[in-house]
Amino acid sequence: QSTFASNGAFNPLRTAPYLQYASGALHALTWGSLGPYGVQNLAIILSLCGAGFSCYACLRRLSSGREWLCLVLTLLYLSSPGVLAPLYAGDMIPSWLTLPYLPLFTYLLVRIAEHGVSGPRRFAMAAVVALI
């Protein structure tokens, strides 16, 4: 890691703390063998994998017995231009790291719309919004 942050900038600690915590954890898990860009690329890959698992799990909970449809929708989510644009257009890694939590947010919105607001759903929604 650099003197200031995982990507060498001086401001992301206040504007993107999740990037710093994830980068620090990955740096520790890899025993410092990766440079700053290697840690960022690993974070991008893990975020994409987490988004895939999160999307598939949430879709499976919402559908009944439509595994293939859930898989196709997950692949469409992961390959959509709206998901890939932050990396292609502006190297916006902090925005990319929120991808695993967006399906959870949508899933909770659907559950709240179906069953109403309750204490556990309100707490879960607050936790997911805090992670995003």
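Tutor: A salt bridge is a side-chain nitrogen of Lys or Arg within 4 Å of a carboxyl oxygen of Asp or Glu. The model considered here is predicted.

Student: Why is the meeting of the Glu 67 and Arg 60 side chains called a salt bridge?

Tutor: The N to O distance between Glu 67 and Arg 60 is 3.4 Å. The limit is 4 Å, and the pair joins an Arg nitrogen to a Glu oxygen, so the term applies.

Student: What makes Glu 67 and Arg 60 count as partly exposed?

Tutor: Partly exposed lies between the buried limit, under 20%, and the exposed limit, over 50%. Glu 67 has a relative accessible area of 33%, and Arg 60 has 34%; therefore both residues receive that label.

Student: How many salt bridges does a search of the whole structure find?

Tutor: The search finds two.

Student: How are Glu 114 and Arg 111 placed in helix α7?

Tutor: They are three residues apart in that helix, which spans residues 101-115, so about one helical turn separates them.

Student: Are Arg 111 and Glu 114 buried or partly exposed?

Tutor: Arg 111 has a relative accessible area of 17%; because buried means under 20%, Arg 111 is buried. Glu 114, at 48%, is partly exposed, since exposed requires over 50%.

Student: What secondary structure does the protein chain have?

Tutor: The chain comprises eight helices and zero strands.

Technical notes: Residues are numbered from 1 along each chain as its sequence is written. This is a predicted model: local features need pLDDT of at least 70, side-chain atom pairs count only at pLDDT 80 or more; totals for chains, interfaces and linings use all residues. Side-chain values use heavy atoms; hydrogens and water are left out. Helices (H or I, at least four residues) and strands (E, at least two) are DSSP runs, numbered from the N terminus. Buried means under 20% relative accessible area, exposed over 50%, partly exposed in between (1.4 Å probe, protein chains only).
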